[in-house]
Amino acid sequence: MTYFDMNLDLTDEDRAIKEAAHKFAKEVMRPIGIEIDKMTAVEAVAPGSPIWDFLKKGYELGYHKAAFPEEVGGLGFTPLQSHIMSEELVWGSLGLTGVLLLAGWPYVKILHTGNQELIEEFVVPFCQCDDASITGSWAITEPDHGSDTLGPGEDFFYDPKLKWQCQGKLDGDEYVINGQKAAWVSCAPTATHTMLNLQLDTSMGMAGGGTCILPLNLPGIERGKPLEKVGQRDLPQGELFFDNVRIPKRWMFVGPEEWADWVTGNLGFGNSAMTLFAIGLARAAFDETLAYAKERVQGGKPLIEHYAMKIRIHRMFAQVEAIRAMSRAVWIMNSRIYPVASEYAFAGKTFCSETAREVIDEGVQIFGGNGLTKEYFIEKLWRDSRALTIEDGENYVLNRVGGNLLKDLYPRTSVNLL
Ligand SMILES: Cc1cc2nc3c(=O)[nH]c(=O)nc-3n(C[C@H](O)[C@H](O)[C@H](O)COP(=O)(O)OP(=O)(O)OC[C@H]3O[C@@H](n4cnc5c(N)ncnc54)[C@H](O)[C@@H]3O)c2cc1C
């Protein structure tokens, strides 16, 4: 379907980015996403899996570094351009877009610190890499701590009785890391690096955290078996285990003093990006459903010719447009201000993901029995959409963290960086 953009100010460059990303999504990502969806989790990350071919092609086109500034070797896309690109890529495959965006996640966060030494050491090589030999991930969740890690503002967050399962101790000029992360770490089976959240000060409870950059080939690191799950099977997950892993002190770029604020801001930036997943997936479902409604004949004419169906399809259309408007606004604003307005990110993620799930569910309903079969792509979209309200912070938990911000933060004093 040719898509009309309500933004009448798109430049020729914006449109070219959209067209190129759509072509890549349609010709490369969607077929590979469908292929991986049918594999076991182990096969999906094994040598020879099409995931590697996809990563190479994505890197060759520079999609992994699209939003990085030109000064560090990125493509310098504007926030609007990176939004347009991401919507198209997710339209092709949410899981594979996740692989590509997570590849750059640790490096974006290092860039935000402004630490020149770390930028030279990690961000510049990532941006120079065009063969997918440097890829990132973000390890937060632990077997015993999911939402616990997202509790700034709650009493339990500062309770020293709550201990993380992943601990770091300073030993001279090095940190020594022990413990484990849950099977939910996206790209743990494939990434070369992770951005690791861990506990540094046990006296501060969950608030005594820190964050470091960690190459995953260091001695003492082991990866668990890839996780079998119901949707987003083209976004691999797995555990990480740490046994006396040593890193230089400078790689720990966030410490306990600033950790509670940092985790809220980082979660805010992450959830601004999560809105991109919701819009791409909802639009894919809308396109599939509209095409099906034009083709499927019941009562002697295509479904779309029936009065009730016109209402349902138009309602889906309105929801997709509402998600895009909110997602773009949140993403563009939070790409430009510091600290990010996390309350808007959480509002955006919860609203967009819940609305996307509604749209996709209605799509399946319109497909009737066919929507539940593997023959129709809407079935994959439906399974992929189920995780949207859980990943990167379960939605009720995000609403709680957002509520704490509204209680304590206003008036807000973010600075416009552009
Ligand atoms: C597809 C996918 C990708 C993911 N990728 C990553 C990744 O890259 N890295 C990573 O580290 N993690 C990742 N995760 C993990 C994700 O961040 C967690 O699943 C999420 O934070 C929720 O944690 P949990 O699953 O442990 O649920 P829990 O925290 O156990 O929550 C279960 C339920 O209890 C409720 N609840 C929790 N705490 C409270 C409370 N204090 N009061 C009242 N109710 C409460 C929640 O609202 C929820 O409904 C991913 C998850 C998915 C599904």
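This is a predicted model: local features need pLDDT of at least 70, side-chain atom pairs count only at pLDDT 80 or more; totals for chains, interfaces and linings use all residues.
Trainee: How many cavities of 30 Å³ or more does a search of the whole structure find?

Mentor: A cavity is a set of points where a 1.4 Å probe fits but cannot get out. Two cavities of 30 Å³ or more turn up here.

Trainee: Which residues line the second largest cavity?

Mentor: Its lining consists of Leu55, Val99, Ala103, Thr135, Gly136, Cys187, Thr190 and Ala191. By class, that gives five nonpolar residues, three polar and no charged.

Trainee: Next, the rings. How many aromatic pairs does a search of the whole structure find?

Mentor: The search gives 17 aromatic pairs. Planes under 30 degrees apart count as stacked. Tryptophan 105 and phenylalanine 269 make a stacked pair, with 5.5 Å from centre to centre and 25° between the planes. Tryptophan 105 belongs to helix α5 (residues 94-113) and phenylalanine 269 to helix α7 (residues 256-295), so the pair ties together parts that are 164 residues apart in sequence. Both tryptophan 105 and phenylalanine 269 are buried.

Trainee: What are the centre-to-centre distance and the angle between the planes for tyrosine 292 and phenylalanine 367?

Mentor: For tyrosine 292 and phenylalanine 367 the values are 4.1 Å centre to centre and 20° between the planes, and the pair is stacked. Tyrosine 292 is in helix α7 and phenylalanine 367 in helix α9 (residues 342-367), so this pair ties together parts that are 75 residues apart in sequence.

Trainee: Is tyrosine 292 buried or exposed?

Mentor: Buried means under 20% relative accessible area. Tyrosine 292 has 6%, so it is buried. Phenylalanine 367, at 5%, is buried as well.

Trainee: Which residues do ring pairs link into a cluster?

Mentor: Ring pairs join Tyr59, Phe68, Tyr107 and Phe126 into a cluster.

Trainee: Over which ring does the charged end of arginine 30 sit?

Mentor: The charged end of arginine 30 is placed over the ring of tryptophan 91, 3.8 Å from the ring centre. Another case is arginine 283, whose charged end sits over the ring of tyrosine 3, 5.1 Å from its centre.

Trainee: Now the backbone. Is the peptide bond from tyrosine 338 to proline 339 cis or trans?

Mentor: That bond is cis, with omega near -5°. Proline 339 lies in the loop between β11 (337-338) and α9.

Trainee: What is phi of alanine 132, and where is the place of alanine 132?

Mentor: Phi of alanine 132 is near 60°, a positive value in a residue other than glycine. Alanine 132 is found in the loop between α6 (116-128) and β1 (138-139). With 16% relative accessibility, alanine 132 counts as buried.

Trainee: Where is the place of asparagine 244?

Mentor: Asparagine 244 is in strand β7 (residues 237-248). Although asparagine 244 is not a glycine, its phi is positive, about 50°. Its relative accessibility is 48%, so asparagine 244 counts as partly exposed.

Key:
Residues are numbered from 1 along each chain as its sequence is written. Side-chain values use heavy atoms; hydrogens and water are left out. On a 1 Å grid over the protein atoms alone, a cavity is a set of points where a 1.4 Å probe fits but cannot get out, and a pocket is an open set with protein on both sides within 12 Å along at least five of seven lines; lining residues have an atom within 4 Å of a point. Grid points are joined across faces, edges and corners, and a volume is the space filled by probe spheres set on the points. Ala, Val, Leu, Ile, Met, Phe, Trp, Tyr, Cys and Pro count as nonpolar, Asp, Glu, Lys and Arg as charged, and the others, Gly among them, as polar. Rings of Phe, Tyr and Trp (its six-membered ring) pair if their centres lie within 6.5 Å; planes under 30 degrees apart count as stacked, over 60 as edge-to-face and the rest as tilted. Helices (H or I, at least four residues) and strands (E, at least two) are DSSP runs, numbered from the N terminus. Buried means under 20% relative accessible area, exposed over 50%, partly exposed in between (1.4 Å probe, protein chains only). A charge sits over a ring if NZ of Lys or CZ of Arg is within 6 Å of the ring centre and within 35 degrees of the ring normal.
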